[in-house]
Amino acid sequence: CLCMHCRKLEDLSVDEFLSGFDALEREDSLGASPQESAEYKESVLQESSLKKRGQASEHKAQLSRLKHNDPEFFKFLQENDEKLLNFADSDSSEDEEEEKYHKLPSQLEVCLSLQSPSARLIRDITQAFKAAVATTRGDGDNECRYAVADSSVFNALILLCIRNMHASLTKLLHIRAPDKDQKKLILPSSSPRWQKHQLDIKMYLSGIVQLLGSLTQSTVTAAVLRHAHQMVPYYLCLPKQARQFLKQLIKQWSTGEETVRVIAFLALNKICRHKQNVYLNTVLKQMYMAYVQNCKFTSPTTLPVINFLQHTLAEMYALDTHVSYQHGFVYIRQLAVHLRNAMNMKKKETYQSVYNWQYVHCLYLWCRVLSTIYPSEVLEPLIYPLCQVISGCIRLMPISRYYPLRLHCVRALLLLSGRTRTFVPVLPFLLEIFQQEDFNKKPGRMSLKPINFAVVLKLSKTNLQEKAFKDGLIEQLYDLILEYFHTQAHSIGFPELALPTIIQLKAFLKDCRVSTYCKQMRQLLEKVQENSAFVTARRQKAAFGVADAPAVAAWENQVAEEGTPLTKYYSQWKKLREKEIQLEISGKERMEDLNFPEIKRKKPQAKVEDKKEFKGLFESDSDSDSEGLMQGGSDDDDDDDDDEGLEDLSDASGGGDDDDEDGTEGKACGSKHAPKQVSSEELQELAGGDEDLVEDLELSDQD
């Protein structure tokens, strides 16, 4: 310590300087008197209390103890470095150093508080929101007052607006909250402060539309759409921004994810309900065009989307029946014109303009619209022309390849007939299939998986040769016949209505030799006969005549309320059928996840000489082998199949495909030897041969 006293202060390092203080303190604590030690303890307590004031106060306390313990060294400091002794707490360089850095608050808060919004604050937020939206377009807007260059700032700003902007504008404009029972919407334009803040609100609403057009993530789009749905009253006050918003809503409704589509539809419905005279007509046109564009292709993944668009568009048409009648008249007439051109011109292009998914889904849509709005005296005149168009679509090409399209049209007629209580002769289109198709013929190919008739319009030659085709066709006939009789089960004329079907089913059971098909149709026949006997017994007790329409209607309503055997069976069958469909879907998903190994076999390479020698054996029609399994039944089949369909149409019979199959087999087997011609006398002798014996097929209960 003495040598340190003799050295100059400027020659000492910081460590040596502080170590000298520590040594002095240790010496004082060891050799001091009790009084001095008490004073030292007091100084220590003072030192601990001064730690809260910072290191500067602590340093000052050490110097004060130095004056008492070592007066000579303290005098040396006074003579050589007086500034070291004379300083205040505020002169600490460390405090200055700490003030240079930002201190985190004890609780994090949003950068802008909207608890008490002001006009200046709302203007700043809208300007910042405009700058943030400008970054999504990829161009720097020179008109923006601010620049958003950081993604975290962008996210915080968007989140702030979505959470607080609607409530802040409501407070700023002094808009009172509507009552619970009040259905009328309170428009912000009724506020006396509307004109003052109109420009800022315009800028903000336009920014929301631009932001919706640039978002790609469905969750973010749904969050922004919810906020936009809150801002609908503000859009109703600004026509230009409302038109931009409606255009974006229709886009999100037709192409967005499930949650996005629902929110967009709610916003569309809300705007059109409160401004029907202004927006409804235009919105319905744009929504119909978007629906048609999304119906071009149908698959198991797109079918739920199409059904959603169909149901929601029908709800939009229900807002105003007069506008709906104008649209329905124009579009149903357009469908009829396409059908008339196909019937008259009979060309491939005209047939394709009718036999496509867009045409079929439009028929479905208008059946859904008329069924949803029923009863309506305004739309009721459209039921008959729509039924005529659907019936003409079925009769356009009545061949087996287009059975799926026929079944789709029948389902549309069943929807229209059941909801509007209109009699439509649907059964002939179904019973005709029993007469055209030979269910006893053995399939030419074994199918890998069943045909999904819900997403098929046209079948290929390969599909017609598969066992899955006839299995699926029987199931479809069973479902549709049962569904039709369920809609007519309470009718007083049910026995007469069911008689042709009973006769046809009995004839089918007599001729069919496939036990699984017979089992299904026999069950259907029993249920129809049971319901027919029930209605016959009930109407025999009636005391009114057939001409008494009110009494007949009351009788039918009473029977419908009490229920019939067929309606009870249908309700149970419907539940089981839905479970079967779910199991089939889940089973397909499990099979697709297995990833079975693919077996690859080497194709034998035939010699060129052998091909030349047996060239005639390979000239048969190979369309059935080259087409493969086409479960989709798309409209992009080869031209030969379409031309063949037109030739079958000229024959006015549905057995054209079977003839082609037999002809193909004969061509492959008998191409080497031509058939020998038979004279007319030999034909007469063959015709006069033994009579054919017709025996009834006896089947046991087990068969």
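Biologist: In which loop does Arg421 lie?

Modeller: Arg421 lies in the loop between helix 20 (403-420) and helix 21 (427-436). Keep in mind that this is a predicted model.

Biologist: Is Arg421 buried or exposed?

Modeller: The cut-off for exposed is over 50% relative accessible area. Arg421 has 73% relative accessibility, so it counts as exposed.

Biologist: And where is His174 placed?

Modeller: His174 sits in the loop between helix 8 (151-172) and helix 9. Its phi is also positive, about 55°, although it is not a glycine. Its relative accessibility is 57%, so His174 counts as exposed.

Biologist: Which residues does a cis peptide bond join?

Modeller: Most peptide bonds are trans. Here a cis bond joins Tyr374 and Pro375, with omega at about 0°. Pro375 belongs to the loop between helix 18 (357-373) and helix 19 (383-396).

Biologist: Which helices do the buried residues of helix 12 pack against?

Modeller: Among them are helix 9 (194-214), helix 13 (258-274) and helix 14 (276-294). The buried residues of helix 12 include Phe245, Leu249 and Trp253.

Biologist: How many helices and strands are there in the protein?

Modeller: The protein has 32 helices and zero strands. Of its 703 residues, 40% are buried.

Key: Residues are numbered from 1 along each chain as its sequence is written. This is a predicted model: local features need pLDDT of at least 70, side-chain atom pairs count only at pLDDT 80 or more; totals for chains, interfaces and linings use all residues. Side-chain values use heavy atoms; hydrogens and water are left out. Helices (H or I, at least four residues) and strands (E, at least two) are DSSP runs, numbered from the N terminus. Buried means under 20% relative accessible area, exposed over 50%, partly exposed in between (1.4 Å probe, protein chains only). Contact means heavy atoms within 4.5 Å.
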